[in-house]
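Colleague: Please put the model up. I want to hear each label tested against its definition.

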Amino acid sequence: MKKKAVVLLSGGLDSVTCLAIAAKEKYALHALSFDYGQRHRVELALARENAEKAGAEFHLVSFRLGVPEASALTSKEAAVPDYIEGEHGIPATYVPARNLVFLSFAAALAESIGARDIFIGVNSIDYSGYPDCQPEFIRSSTETANLGTKAADEKWKFQIHAPLQNLKKHEIITLGLSLGVDYSRTHSCYNPSPDGRACGKCDSCGLRKAAFEYLGLTDPALGK
Ligand code: ZN
């Protein structure tokens with residue numbers, strides 16, 4: 001029987017690439033997506049589509065993280081900042097404790113279905129400066145998951161895989177293209193139009209647009 005893996009899947013460029021990596025490793029896949037009141041909820045349709053394409057079972061969890069006005073991604077009023085190349089620091093689009101919560105749900109799903117492997121598409125090279133994307137956070141979450149579950153008693157261990165951790169955005173795209181990812185069917189924009197089109201200006205759009213341009217390509221998710 002195939003080993004099971006839980007893949008955190010937002011429907012964005014990184015997580016869809018991460019799903020393709022896990023698929024190549026021949027796991028029985030369980031994709032896990034979250035509706036946390038994000039303004040770019042359009043990503044969830046693409047998460048489902050990519051999960052189905054990869055033959056993954058799709059799990060969707062809905063909840064709210066703190067109060068909506070704490071993040072530009074969940075607030076109706078706050079403005080999403082534009083992408084500024086080379087800008088670092090924690091931007092207004094940071095969502096309180098997001099990956100801490102996501103990984104907790106992933107550990108719960110994994111433990112309940114007998115999966116030991118969890119995949120998360122975090123990256124700490126070309127990213128928005130979020131603390132919950134850092135390698136130390138992933139290491140510490142792995143340790144916490146192993147301490148806080150039956151794993152400690154039953155002598156098995158979770159492994160949290162972050163295969164994109166040290167890749168530049170254009171390296172992620174090159175890898176994904178080699179695995180057959182269709183990036184026109186991914187959504188990364190923080191601030192899409194009401195009909196779901198990418199804005200081309202936010203941090204997330206800017207990072208992927210620059211990476212496609214570096215490769216001599218046009219981001220296929222833009223202009224649709
Ligand atoms: Zn955007």
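Modeller: Start with the largest cavity. It is lined by 35 residues, of which Ser-10, Asp-14, Arg-98, Gly-121 and Tyr-190 lie nearest its centre. Helix 1, strand 2, helix 2 (43-53), helix 3 (98-113) and helix 7 each give two or more residues to that lining. This is a predicted model: local features need pLDDT of at least 70 and side-chain atom pairs 80 or more, while totals for chains, interfaces and linings use all residues. Residues are numbered from 1 along each chain as its sequence is written, and side-chain values use heavy atoms, without hydrogens or water.

Colleague: What makes the largest cavity a cavity, and what is its volume?

Modeller: On a 1 Å grid over the protein atoms alone, a 1.4 Å probe fits at a cavity's points but cannot get out; lining residues have an atom within 4 Å of a point. The volume is about 660 Å³, counted as the space filled by probe spheres on points joined across faces, edges and corners. The structure holds 2 cavities of 30 Å³ or more.

Colleague: Why is the largest pocket called a pocket, and which residues lie nearest its centre?

Modeller: A pocket is an open set of points, with protein on both sides within 12 Å along at least five of seven lines. This one holds about 330 Å³. Its lining has 17 residues; Tyr-83, Glu-85, Asp-126, Leu-207 and Ala-210 lie nearest the centre. Helix 6 (169-178) and helix 7 (203-214) are the elements that give two or more. Helix 7 has the largest share, with 5 residues.

Colleague: How do you know that strand 1 and strand 2 pair?

Modeller: The rule asks for at least two DSSP bridges between strands. Strand 1 and strand 2 (residues 28-35) have 5 and run parallel, so they pair. Lys-4 is bridged to Ala-28, and Ala-5 to Leu-29. The strands themselves are DSSP runs numbered from the N terminus (E, at least two residues; helices are H or I, at least four).

Colleague: What makes a crossover right-handed?

Modeller: With the strands pointing away from the viewer, the path from the first strand over the helix to the second runs clockwise. Strand 2, helix 2 and strand 3 make a right-handed unit too.

Colleague: Why is the pair of Trp-156 and Phe-158 called edge-to-face?

Modeller: Rings of Phe, Tyr and Trp (its six-membered ring) pair with centres within 6.5 Å; planes under 30 degrees apart are stacked, over 60 edge-to-face, the rest tilted. Here the centres are 5.1 Å apart and the planes at 85°, so both tests are passed. Trp-156 and Phe-158 are both buried.

Colleague: What sits over the ring of Trp-156?

Modeller: The charged end of Arg-116, 3.6 Å from the ring centre. The label needs NZ of Lys or CZ of Arg within 6 Å of the centre and within 35 degrees of the ring normal.

How values were computed:
Buried means under 20% relative accessible area, exposed over 50%, partly exposed in between (1.4 Å probe, protein chains only).
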